[in-house]
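Here's a quick walk through one part of a fold, written for someone who likes to know the cut-offs. Have the viewer open as you read.

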Amino acid sequence: MLGWIICGEERRITLERQVVGGLPFWVLRVPHRRRWLAARGFTAALREMARRGVRRVVVQGGEVPELALFGMTAVEPWPLRRALLPQLLDWAEREWQLPLRTSAVLLSADSSGADTCRAARLLCQRARYVLLDTGVGQAELEARLRSTEGLGVGGGKPVLEVCLRAESRSGVPVLYLGRGCAAQQRLELTASGLENGEESLLCALFQAEKLPIEEIHIRFVEFRA
């Protein structure tokens with residue numbers, strides 16, 4: 001079961017069941033001020049959410065570290081960002097005016113797992129050169145990409161980093177797709193049929209197969225370098 005905490009829209013604490021995009025949520029609305037979040041009513045509401053089977057929570061408008069006390073975790077948007085990588089590359093080319101097709105792109109990750117492989121294959125199709133900094137399994141990944149995708153090595157300094165780890169170390173424009181990405185880079189989205197474009201909400205719907213990736217669109221990506 002999913003929860004959804006919305007901070008700052010109410011003067012009092014309310015908890016109600018609501019269906020969003022075909023998916024049921026227990027929606028907890030609380031005032032934004034931190035002293036309210038520490039109040040007894042908020043703690044009781046979190047306990048009630050856990051009692052009703054909530055394990056993952058969309059958090060909108062603030063952070064709620066108390067979730068862990070009740071066996072709940074916040075929904076992170078990085079799985080959605082990785083699925084949106086083709087759109088994010090379009091944005092970087094158009095809005096940031098980065099010449100990906102004639103330049104090098106750096107892909108950084110902590111390991112060369114499935115998500116890293118998918119990103120690498122896409123980058124091989126979109127950029128002239130792909131530079132890898134992908135930890136364990138990098139040599140095997142490079143060999144596979146040379147064989148299947150015609151990986152181009154070299155190309156000098158990259159014009160963009162696609163970062164699947166927690167932080168970037170390259171000093172070039174970056175797209176954050178790793179854990180904690182929402183704190184590193186602001187991304188604004190819209191989705192067909194939904195008024196609320198909260199990134200972690202859309203991620204929850206996407207992961208539950210209630211929202212196709214084709215119906216999610218980018219409004220804004222914060223430039224970070």
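## Ground rules

This is a predicted model, where local features need pLDDT of at least 70, side-chain atom pairs count only at pLDDT 80 or more, and totals for chains, interfaces and linings use all residues. Residues are numbered from 1 along each chain as its sequence is written, and side-chain values use heavy atoms, with hydrogens and water left out.

## The sheet

Helices (H or I, at least four residues) and strands (E, at least two) are DSSP runs, numbered from the N terminus. Here, 4 strands make an open sheet, ordered E7-E6-E8-E9, with parallel pairing (two strands pair if DSSP finds at least two bridges between them). E7 and E9 (174-176) sit at the edges, each pairing on one side only. On average, neighbouring strands are turned by 20 degrees against each other, direction ignored.

E8 and E9 pair in the parallel sense over 3 bridges, and Val 162 stands opposite Leu 175 in E9.

## Helix H5

H5 (residues 114-126) has 13 residues, so at 1.5 Å a residue it should span 18 Å; its end C-alpha atoms are 19 Å apart, which agrees. That expected span is 1.5 Å times one less than the number of residues.

Several H5 residues are buried, among them Thr 116, Cys 117, Leu 122 and Arg 126 (under 20% relative accessible area, 1.4 Å probe, protein chains only). The buried residues of H5 pack against H4 (85-94), E6 (104-108), E7 (129-133), H6 (138-148) and E8 (160-163), with contact meaning heavy atoms within 4.5 Å.

## Helix directions

H5 lies across E6, E7 and E8, at about 180 degrees to E6. H4 packs on the sheet too, touching E8 and E9, and its direction makes about 160 degrees with that of E8. Axes are lines fitted to C-alpha atoms, for helices over the stretch in contact, and angles run from 0 to 180 degrees between N-to-C directions.

Technical notes: Buried means under 20% relative accessible area, exposed over 50%, partly exposed in between (1.4 Å probe, protein chains only).
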